Amino acid sequence: MVGRIIRPHGPNGLVRVGIESDNPHRFVPSARFRTDHPDAPLLILKSVRPAQDDLIAEFAGITSKEQSAALVGHDLMISPDERRALRPDEFWPDQLVGLEVRVTSAVVGRVVELVEGPQDRLRIVKTDLTFAEIPFVKNLVPEVNLQKGWLRIDPPEGLLD
């Protein structure tokens, strides 16, 4: 996700977009964004201008307040091949979701979400179907194997309780 449509802006189909991208050049006219909206699976940016902490955007074919209101809450996404290159030990949230969580070699759960914030946390559903959150830091998550579909955690006593 690189942005989220926050609300309509005026009567002519403009929308306010919250920026989630670390690429300031992502939002330029003719940029294409996928959405999960059934009536607008692809949006093409026609024009854009800054507005406080977000953007005011015009998308091709969205010409009324009703159309723009229907887009509110939907994410603007790009394809994985449009992402920036990551440094070693850096991961996209969607790469982590679904990974098996292991303590040594024993499977203890599966990652269901990366809770982003000042301290990112992995939310996992444990094998007993309860949830736990693990700070996503190297000393607690020393190994991530995307190719084999798992990550290893080294939790201190009580962290998974």
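Reply: We start with a turn: β7 and β8 form a hairpin with 2 residues between them, and T104 in that turn has a positive phi of about 50°. This is a predicted model, where local features need pLDDT of at least 70, side-chain atom pairs count only at pLDDT 80 or more, and totals for chains, interfaces and linings use all residues. Residues are numbered from 1 along each chain as its sequence is written, and side-chain values use heavy atoms, with hydrogens and water left out.

Me: How many bridges join β7 to β8?

Reply: Strands are DSSP runs of E, at least two residues, numbered from the N terminus. Two strands pair if DSSP finds at least two bridges between them. β7 covers residues 100–103 and β8 covers residues 106–115, and they run antiparallel. V101 stands opposite G109, and the number of bridges is 4.

Me: Which residue of β9 stands opposite L114?

Reply: β9 spans residues 121–126 and pairs with β8 in the antiparallel sense over 6 bridges. A hairpin of 5 residues joins β8 to β9. Opposite L114 stands L122.

Me: Which residue in the turn between β4 and β5 has a positive phi?

Reply: β4 (residues 42–51) and β5 (residues 54–59) run antiparallel, joined by 6 bridges. A51 stands opposite D54. The hairpin has 2 residues between its strands, and the one with a positive phi, of about 50°, is Q52.

Me: How much space lies in the largest pocket?

Reply: A pocket is an open set of points on a 1 Å grid over the protein atoms alone, where a 1.4 Å probe fits, with protein on both sides within 12 Å along at least five of seven lines. Volume is the space filled by probe spheres set on the points, which are joined across faces, edges and corners. The value is about 850 Å³.

Me: How many charged residues are in the lining of the largest pocket?

Reply: Lining residues have an atom within 4 Å of a point. There are 26 of them, and M1, E20, W92, P93 and E116 lie nearest the centre. Asp, Glu, Lys and Arg count as charged; Ala, Val, Leu, Ile, Met, Phe, Trp, Tyr, Cys and Pro as nonpolar; the others, Gly among them, as polar. The lining has 12 nonpolar and 2 polar residues, and the charged ones number 12.
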